[in-house]
Amino acid sequence: MIDPQIEESWKKELWDEFQKPYFLEIKEVLQKERSEWKIIYPEWKNIFNAYNSTPFDKVKVVLLWQDPYHQPWQAHWLCFSVQPGVKFPPSLQNIFKELESDLWIKQPKSWCLQKRANQWVFMLNSSLTVRQSEPMSHSKIGWEKFTDATIKHLSDKKDWLIFVLWWGFAWTKKTLIDKSRHYVLEAAHPSPLSAYRWFFGCKHFSKINEILRKEWKEEINWDLD
């Protein structure tokens, strides 16, 4: 039996997934790579912190991405987020450019998104770990089964969530979402390669708050300062 250190409401929802063979295989791969002195991000103790930061019972908005940043000091347990003091990645810079254009909120001093998680924005990477300097290096070890199950549980057990899907990879997750019960916002990836195609001008931040008002839920304060 596997008993991960994860927030209790998530543990209850995902307990069956933790007992499946694929999850044991994930654990074995990570332990093997650690024994070979491979550097894995985020730190071992932080792998489930997206879940620990935003309990299942509290989720209002779901933001999806592929895997954590893969360079030293960048990797964070929340998708798109970087730790305080880290140089801002281009995609995150473009996210804040769109936020400033949409809601006139100036770019923050620190781009750690923990404050968003505390307001119940669940920021999930499809793979929860990555090897240093090897993007998508853990995309085939089983994480996607686990995070797909996460999305499906959110869709099946909750109502009127807002799923934010940026880029083609995130769009593939639409099949897991009951669109008769939830809102889905789509745009291009905020990367410099695609932001000007269909990310800038999407106004997702104001649209999210508009939906939350409609559903009588507290709006997100997007200002990190």
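Guide: Partly exposed means a relative accessible area between the buried limit of under 20% and the exposed limit of over 50%. Keep in mind that this is a predicted model.

Visitor: Why is Lys32 called partly exposed?

Guide: Lys32 has 49% relative accessibility. Exposed requires over 50% and buried under 20%, so Lys32 counts as partly exposed.

Visitor: What makes Glu36 and Lys32 a salt bridge?

Guide: Their closest N and O atoms are 2.5 Å apart. The cut-off is within 4 Å, so the pair qualifies. Glu36 is partly exposed too, with a relative accessible area of 35%. There is also a network of salt bridges here, linking Lys32, Glu36 and Lys38.

Visitor: How do you know that Glu17 is buried?

Guide: Its relative accessibility is 10%, and buried means under 20%, so Glu17 falls in that class. Glu17 forms a salt bridge with Lys20, with 2.9 Å between the closest N and O atoms. Lys20, at 35% relative accessible area, is partly exposed.

Visitor: Why is the contact of Arg131 with Glu134 called a salt bridge?

Guide: The closest N and O atoms of Arg131 and Glu134 lie 3.0 Å apart; the limit is within 4 Å, therefore the contact counts.

Visitor: And which of these two, Arg131 or Glu134, is buried, and which is partly exposed?

Guide: Arg131 has 15% relative accessibility, which is under 20%, so Arg131 is buried. Glu134 has 36%, so Glu134 is partly exposed.

Visitor: How many salt bridges does a search of the whole structure find?

Guide: The search finds 14.

How values were computed:
Residues numbered from 1 in each chain as written. Predicted model: local features only at pLDDT ≥ 70, side-chain atom pairs only at ≥ 80, totals over all residues. Heavy atoms only, no water. Salt bridge = Lys/Arg side-chain N within 4 Å of Asp/Glu carboxyl O. Buried < 20%, exposed > 50% of the residue type's maximum accessible area, 1.4 Å probe, protein only.
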